[in-house]
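Hi everyone, thanks for coming.

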Amino acid sequence: MKLLKFPSIMKMPKFKLPKVAKKRTVKVGLPPGTLVYTGEVRDEPVRTTYMIYDAEHYEEGEIKSIEELNSHVDKPEVTWINVDGIHDTGIIESIGNAFKLHPSILEDIVDTEQRPRMEDFDDYIFVTLKMLVYKEKNREVTSEHISLILGPNYLITFQERPGDIFDIIRGRIRTGKGRIRQSGDDYLAYALIDTVIDQYYIILERIGEVVEEIEEELMSRPKIETLQQIYYLKREMIFLRKSVWPLREVIGGLDRSDSALIKQETGRFFRDVYDHTIQAIDMVETYRDMLSGMLDLYLSSISNRMNEVMKVLTIIATIFIPLTFIAGVYGMNFLNMPELRWEYGYYLIWLVMLIITMLMVIYFKRKRWL
Amino acid sequence: MKLLKFPSIMKMPKFKLPKVAKKRTVKVGLPPGTLVYTGEVRDEPVRTTYMIYDAEHYEEGEIKSIEELNSHVDKPEVTWINVDGIHDTGIIESIGNAFKLHPSILEDIVDTEQRPRMEDFDDYIFVTLKMLVYKEKNREVTSEHISLILGPNYLITFQERPGDIFDIIRGRIRTGKGRIRQSGDDYLAYALIDTVIDQYYIILERIGEVVEEIEEELMSRPKIETLQQIYYLKREMIFLRKSVWPLREVIGGLDRSDSALIKQETGRFFRDVYDHTIQAIDMVETYRDMLSGMLDLYLSSISNRMNEVMKVLTIIATIFIPLTFIAGVYGMNFLNMPELRWEYGYYLIWLVMLIITMLMVIYFKRKRWL
Amino acid sequence: MKLLKFPSIMKMPKFKLPKVAKKRTVKVGLPPGTLVYTGEVRDEPVRTTYMIYDAEHYEEGEIKSIEELNSHVDKPEVTWINVDGIHDTGIIESIGNAFKLHPSILEDIVDTEQRPRMEDFDDYIFVTLKMLVYKEKNREVTSEHISLILGPNYLITFQERPGDIFDIIRGRIRTGKGRIRQSGDDYLAYALIDTVIDQYYIILERIGEVVEEIEEELMSRPKIETLQQIYYLKREMIFLRKSVWPLREVIGGLDRSDSALIKQETGRFFRDVYDHTIQAIDMVETYRDMLSGMLDLYLSSISNRMNEVMKVLTIIATIFIPLTFIAGVYGMNFLNMPELRWEYGYYLIWLVMLIITMLMVIYFKRKRWL
Amino acid sequence: MKLLKFPSIMKMPKFKLPKVAKKRTVKVGLPPGTLVYTGEVRDEPVRTTYMIYDAEHYEEGEIKSIEELNSHVDKPEVTWINVDGIHDTGIIESIGNAFKLHPSILEDIVDTEQRPRMEDFDDYIFVTLKMLVYKEKNREVTSEHISLILGPNYLITFQERPGDIFDIIRGRIRTGKGRIRQSGDDYLAYALIDTVIDQYYIILERIGEVVEEIEEELMSRPKIETLQQIYYLKREMIFLRKSVWPLREVIGGLDRSDSALIKQETGRFFRDVYDHTIQAIDMVETYRDMLSGMLDLYLSSISNRMNEVMKVLTIIATIFIPLTFIAGVYGMNFLNMPELRWEYGYYLIWLVMLIITMLMVIYFKRKRWL
Amino acid sequence: MKLLKFPSIMKMPKFKLPKVAKKRTVKVGLPPGTLVYTGEVRDEPVRTTYMIYDAEHYEEGEIKSIEELNSHVDKPEVTWINVDGIHDTGIIESIGNAFKLHPSILEDIVDTEQRPRMEDFDDYIFVTLKMLVYKEKNREVTSEHISLILGPNYLITFQERPGDIFDIIRGRIRTGKGRIRQSGDDYLAYALIDTVIDQYYIILERIGEVVEEIEEELMSRPKIETLQQIYYLKREMIFLRKSVWPLREVIGGLDRSDSALIKQETGRFFRDVYDHTIQAIDMVETYRDMLSGMLDLYLSSISNRMNEVMKVLTIIATIFIPLTFIAGVYGMNFLNMPELRWEYGYYLIWLVMLIITMLMVIYFKRKRWL
C-alpha cells in the first residue's frame, strides 16, 4: 500500500536526527571529568590555528605545540585560537591545562550532546552552542557542536568539523572590513555567534517556503502525501524548537551579563543577537501554529469528502433499491398475478416508478443533498 | 473539484504575509553594523521634513541637508523631524552621525523585519513598531516599519512609506487643537504611538465583523466555504497575534520607564496606550477562542450530517433488501415450486412483505432513527 | 434544514455581546484627552445625587450645580456623590475640574469599552469595573461601565444607567444597618464593589444550572440541539471569562494597596472580595472544563451511534445480498439449467440459503456485532 | 435507548457536587460582616468541647457558656476548643467576641462555600480547609468546611458536622502516644491538618483503582459504558482538582510562615504536609493525563471498528452486486437472447462469475482488506 | 476480538507502576513521626557497610552495631555509610539518633512513596531521589527509593534493595581512579547522584529506539497494534515525566545551594548534573510531542483508509445498482411488454447499460475518485 511512503521529491531540509540518548550512555559509569568524545567517528588530525590582530596589523598560522599557545596569549592584541575537531581529547585536555580551564568545561566541549549553555567563570566566559548548517546540495541540515571560551584578550573556539562558516569572519579580519579590527575579543565572540544564529534563518526561510508550498497544495488539491508532509514538518519543528529555545537563555545570559569581559558597547550588539533569537523562536512557533491549522483543515476536508462520497452512494441506492424491488415483484412467477395481464400494466408500473423517483429527488432537494 | 477554492467575495482584511525569513537572509555574512534595507524596492527619493513648535508659534519645512538639522535641535522648542522612506541608507547614516546614535539602532531602523522593541539609551529613547494599515479599497492590510527616537527636545520618526496616518497629528499641531502645542516632545511621541495603536482597532473591528458573519452563516447554513473562511481567519490571527504581543513589552517599557525624557504627566498617557494594547491582545485571543469553538461546531455538524445521511441509507436499504430477496425467491424458475400455484400466493406474499416492513419501521422507531 | 437553529426555549442567560472594536474606532484620530462617550445613545439628563453621613446623621439630595460640590467635600463626614449617566461629557468634565482629576481618568470614565482597571494617584484612587446585571424577565445579561473615585473623605461613583443595584447600599446608609455608618468612605467603596461582584455570582449560578441541565440531557437523550447549547455556552464563557479575569488584578491591587486612603481594617475586607473574585474565576474555569468534557462525550456518542447504524446496515446487507444473488441465479432463463428440473431443487435451495444465513449469524456473533 | 445510562454497579467514589453558586447568592445584598451559614440545614444544637493538656496531664469536657472560655485560655497549657456545627451563627459570634477575632474571619467560618485559605493576623493564624471524607458504605465523598484558629496557646477548630476524623487525634492526646503531649498548639494544628490531607489520599487511592479497572476493561473489551465511566471520572477529577490546588497555597503559606506562633521544629512538619499536598496534586494530574489518553484510545478503537464494519460490508457488496447484475441480465425475458439457448450457457455464466469473484478477492488481498 | 490485546513481542521497557495511593494510606491515622516502611515486603536483614578513605588510603567493612558508627565519624577522612534495605525501621531510627537527624527525615527515608526532594539543614543536607533501573533481561524498569545525608565529612546513603549501581563508585574508590579519592564527601555525593541520573538516560535511550521503531512501522504498514503501542508508550511517558520533573528542583537546589557543605569546585559539577537533568526532561517532552504527532497521523490514516473503502463501495454500487434495476425491469413478466419482442431489444439494452456505465466512470473521474 502506498499510504505512507514519502514522496521522492520532498524538497524540505532534512534534519539528521541525533540519537540523543544512545550517545550519552557511552559515558555511563565513567568517572566524571573523563573526556569522552560523543560525536561521529573521525580520522583526520585536529587542526589548531590562530589569528592575532589589532587595528594596525594581523597575523595567522597553525599552532603546532601547546607551548606555543601561552606565548601568544600574553600579547596585548586579540588572539583567536580555533580548534577544528574535538575528537582528540588529548589536545583538548592540554589546551585546558594551558588556559587553566575548569575540567567540567572540557567535558562539555567534547560532549556533542551537551545542551547549549553559557557560564561566567570570573576569568573567562564559556559558551556552547549548536550550529545548524543547511547544505543545499543534499538538502540536509547538520548539527555541529560549537564552544567558545572568551578570556580577557583571547578567544578560543572549538568546532566539531572543519567548516567554512567562520571563514566569513576570518575574511573580515584579513581585509579589516567593518569594525572588527578596531574592537576587542568580545566583539569577535559576538561576530561568531551572530554568524551561527544567521544560519538558523537560512533553515527557517527554507522551511517557510515548504510550509507555503504545502499550504497552497492543501488549498488547491489535497493529497494523501500532503498529510505526510505536514506530519514530517511538524516533527522537524519539534527538533528545531528544541535547538532554538535554549539559545534564548544562552544569548540572554550574555546580553544581561555584567562581566568585565564584555564591554558595554559590545553588550549592545549581544542585545541585537538576542532579538534575532527571539524572532527565530517566534517563527518556529508561528510555523507550528500554521501546521496545526493545516492538519485541522486537512482532516476536515477528509470528513467533507467522505460526506460527499456517502451522499452519492445514498442518493443512488435510495432511488434504485425500491425501484429494483418493484421490478422484482413483477418478475415473480405466481400463476395468479392479475396486474401482469392488465393491458397497460407495464406502462403503469413505469409511471409508478417515475413518481417514486420524483418524490425521492424532491426529498433530497429539501435535504440540500442535491 | 471545488472543495478548497476560496470564495471570490471574501470580505475580510487580507494580510500581506511578510516573507520573514527570506529577507533576513540578505544580511547573512555581512559585518554587523552594515545598514541593509530589507523592505520592498523603492525608487522615490527620501523626503525629510521638520516641524518646530511651542505653545505660541510653529514652523515646518523640508530639510535639504544634514547640516541644517543640528541648527534646529539647539532651539528650546520641540523639533519633530520626520523621514519618509528608509531605503536610502546613506541618509539614515548621516542622521545617525548628526545625532550620535548607536550604530545598532541605525540597523534596526532600516531592517523592516526587526521585531517591535524599545530601548532606553540615557540620551534618547529608541522605539520601533509595526504600523498595520487597513485599506478599505482592496481590503488589504499593509505592515509598515516605524521607528522613533525621542531626545531631550527633539523627536525623529522614520517611516517606510510616505503615509497619511501621521497627518492627523500634523493637523493638530498646525491648528493648535488639543494639548499637543502646550506639551513636550514626549507627548508628541505618545500622540504618534497612540495613532499607530488605533489602526490596530480598525483592523480588529473588521475582523470582528467577519467573525460574526461567519458565525451567523455557520448557525443558519454551514457550507464548505465556511470551513475555509474559519481556517483563513485563524491563519490571519496567527500573524496579527505575532504583531500585537510584542507591543505589550514595548509600550509597557515606556509606561514603566523612569527616564527623565518622559515627564510624569505624559507617563500617565502611556499607561493609557498600554491599556489599549492589552485590550487589543484580549480581542485577538477572544477571536482565536471563538474561531476554535466554531471549528469544533463545524466538525460536529459534519458528523451529525454524515450520521443523518447514513440513517436514510440504512433505513431504505434495510427495508427493501429483504423484500427484494423475497421477490427474487419467487422469481426463480424451479419447476416444482408449490407456492407459485396457490390461488392467493401472490396476495399472501404481499402480506408477508407488509408485515416485515412494519416490523422494520417499529424497530427504527424504537431506535429513534425515525 | 433544522440543523443549526437554536431552540426557542433556551433558558440560559444571554449576553449582549459588546461590539468592542466598533465603538473604539469612534475615537480614532481625535486628540487624546477628548472625552468621547462610547456607549449606547441616551437622551435622559444626567442626574447627580449626594449622600453625606457619619455615625450620627445623614442627608441626601440632588446636586444641581457644580459649585455646590466643593462645599460638600470640605466637611468631615463621608460624602458620596453618584452620577447616573456618563453620556453628558460636559458634566463629567466639570466634576473633573472641581476635584482636579487627571484628564486621562475622565476619558476612562466615559469610555464604556475601557478594560477594568485601578490606579493609585496619591490624592485619590481610581477604579473602573464592569457591572454585569442579569434580568430574569428577558434572561439578558447587560454590562454596565462603573467608575469609582475614592478621595480622602469623599467617594464619587459614575454609572452608565440609573440602576437599582446600589440602592441596597443606600438603604443601609439610611437605616444605619451594618457597620457602614460607623466606617469611612473606603468601607463604602468596598461595599459598592462587593455588591458588583455579587452580581457575577447570580449569573454564574444561572449558568451552573444550565450546565447541569444540559449534562442531564446529554446523559439521557442527546439531541442535535444539545450540541448547539454546548457551543453557545462555551461562547458565553469566553465573554464571561474576559470580564472576570481583569477583576483579579483590579481587586488584588486594592487588596495589596498601601495607600493611606484605605484603612487597614477595611483592607481586610478587600481581601475578602479578592477571594470571591478568585472563586468566580475558579467557577468559570470549572464550567469551561465541564463543557469541554461534554463536547467530547457528545462527539463520542455520535461516533458510537454511527457505528451502530453502520452495523445494522452491514448485517442486513451482508446476509441478504448473497441470498438475493442465489435467487437471481435461479431466476435466469437458460434453457439448460438442470437444477431447475430437480424434484426438490427448490427445497434444497432454501436449505442452502438457511445454512448461509446461519454461518453469517455465527460470524457476526463472534465479531460481537449481534 | 441505553446509550447513556450509567451502569448500576459503578464502584467509583461519587462526589456530592456542591451547588457553588446557588448558596453564595443567599448572601447577595446583605451587609458585609453579616454571618450567614451557607451549608445544609441542620437542627441539632452546636456542641463545643475542650481539651486542655500538657506533658503531665490532660482534661476534657463540654463548654456550656462563653464565659467559661476565657478562663481556660489564660492557663499555660495547650487549650483545644472544638466547635461541632457552624449553623448557629450566634455561638460563632460570641466566640469571635471572646477571642477578639476579625469579623471577616467569622464570615469565612460559617460560609461553607469559602475557598481554602490561610491568613496570618499577628495574634493568631486563621486557616480554612475542605475536608473530603469518603464513606465506603454508600461510596460517597462528602465535603466538609473546616476552620482553625491558632493562637499563642490555644487552638479553636470549627467543623460543619460532628465527625470522627479528629477522634484519632483526641485518642492520641488521651493516651499520650506520639509527641503530641510534649508539643505546643502549633503541633496540634499540624496533626489535625495532616489528618485532613490524609483523607485525600484515601479518595485518590479509590480513584486510582477505578482508573486501573477501566483501563483494563478498555484493553480487553471496550464497551459503551467505558466511555461514560471515563467521562464521569474526568468530571470528578475537575472537582477534586479544584479542591486540591488551593491547598498548595494554604499549606505552602504555613510552611513559609515566619509567624512566632509556629515554632521552627513544627515548621519542618508543615514542610512535610506541603510535600504530601504536592504529591496529591501530582496524582490528580497523572490521573487526568491517563484519562485523556484513555479517551483517545477509546475513540481510535471506535474508528478502527467502524473501519472493520465498513470493510466487511464493502467486500460482500462489491463481490455480489456485479454477480447479481449478471444473474439479472439472464433473467430478462427478451425473446431474442441467443446465450440462453447455448448448450453450456449456464455453466459458462458460472465460470464468468467465478472469475469475477476471484479477481475481486485478489484485489482485496492487495489492498490488505482480507 | 483481538482489537486490544497487546502484541506478545513488545520490546519496550515496562514500568512497574507503583500503586501510589494504596501505600500511602497505610500511614493514615498514625501519629506523625512514626516510621512506616511503605515498600514491598522484604525478609533479608539490613546490611550496613562503610568506606573510609582519603587520598592515601581507604578501608571498608560492615558495621555491626550502631556504637561503631560514631567512632568513624570523628575521623578527618571521608566516611561513607551505606544502608542496604530500609524495611527495618529500628536500624534507621538508631542511625537517626546517632547522627541527630530530624525525625521527619527518617520518615522520608523509609517512605518509598516520598517525592524526590532536597532540604538543607545547617548541619547536613538531605536528598531523596528515585533511582530507575532498567533490567535488560525482563525489560522491566524498577524504581528504587534512595536517600542521601551529606554531613561535614560523612555521607550516609539508604537504598531500598542491595543494588549494584553504586558498585561503580566503590570500584573507583578502591582503585583510586578519577579524582574521587582526592575530593571530599560532597564530591562523593555528586558522583552517586550522577550515577543515578545516568540510569535515566539508559531508559530514555531504550524508549527512543522504540519510538523510532513505531514511527517506522507507522510509515510503512500501520497496524491496529501500532495504536496500542503508541497509547502504551504515552502512558509510560506520564510516569517517567512524573519521576523526572521533580529532579529539576532537587538538583537545581543542590546547584544553587550556598551551604558550606558543598565546596565551590564541587558545585560546578552539580551544575553539570543539573544540565543533564534538564536534557532528560527535554527528551521526555520531545518523545511526548512525537507520540502525539504519531497518534494524529495514525488517526488521519484511518480516516483516509475509511475514505478509500467507502469510495470502492460507492463506485461499485453506484454503477451496478442502476444496471441491476434495468435488468430487473426486463425480467418482469407483464404480458404486454413490447420491447421484449423487438428483434434487437436485448442488444439495445446492453448498449444502454454500457452508456450508463461510461457516464458514471466519467463522473467519477471528474470527482477524482478514480
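Helix α7 of chain A, residues 224-256, packs against helix α8 of chain E, residues 264-329, at an angle of about 175 degrees, with axes 10 Å apart. Helices here are DSSP runs of H or I with at least four residues, numbered from the N terminus. Axes are lines fitted to C-alpha atoms over the stretch in contact, and angles run from 0 to 180 degrees between N-to-C directions. That angle makes α7(A) roughly antiparallel to α8(E), a label for angles over 145 degrees.

A word on the source: this is a predicted model, where local features need pLDDT of at least 70 and side-chain atom pairs count only at 80 or more, while totals for chains, interfaces and linings use all residues. Residues are numbered from 1 along each chain as its sequence is written, with chains lettered from A and ligands numbered from 1 in the order written.

Which residues of α7(A) and α8(E) make the contact? Among them are Y231(A) and I238(A) from α7(A), and M290(E) and L297(E) from α8(E). Contact means C-beta atoms, placed from the backbone, within 7 Å. By class, the residues of this contact divide into six nonpolar, four polar and five charged. Nonpolar is Ala, Val, Leu, Ile, Met, Phe, Trp, Tyr, Cys and Pro; charged is Asp, Glu, Lys and Arg; the others, Gly among them, are polar.

Now to chain D: α6(D) and α7(D) pack at about 155 degrees, axes 11 Å apart, and are therefore roughly antiparallel too. Their contact has eight nonpolar, two polar and one charged residues.

Terms used. Helix = DSSP H or I, 4+ residues; strand = E, 2+ residues; numbered from the N terminus. Parallel < 35°, antiparallel > 145°, perpendicular 65-115°, else oblique. Contact = placed C-beta atoms within 7 Å.
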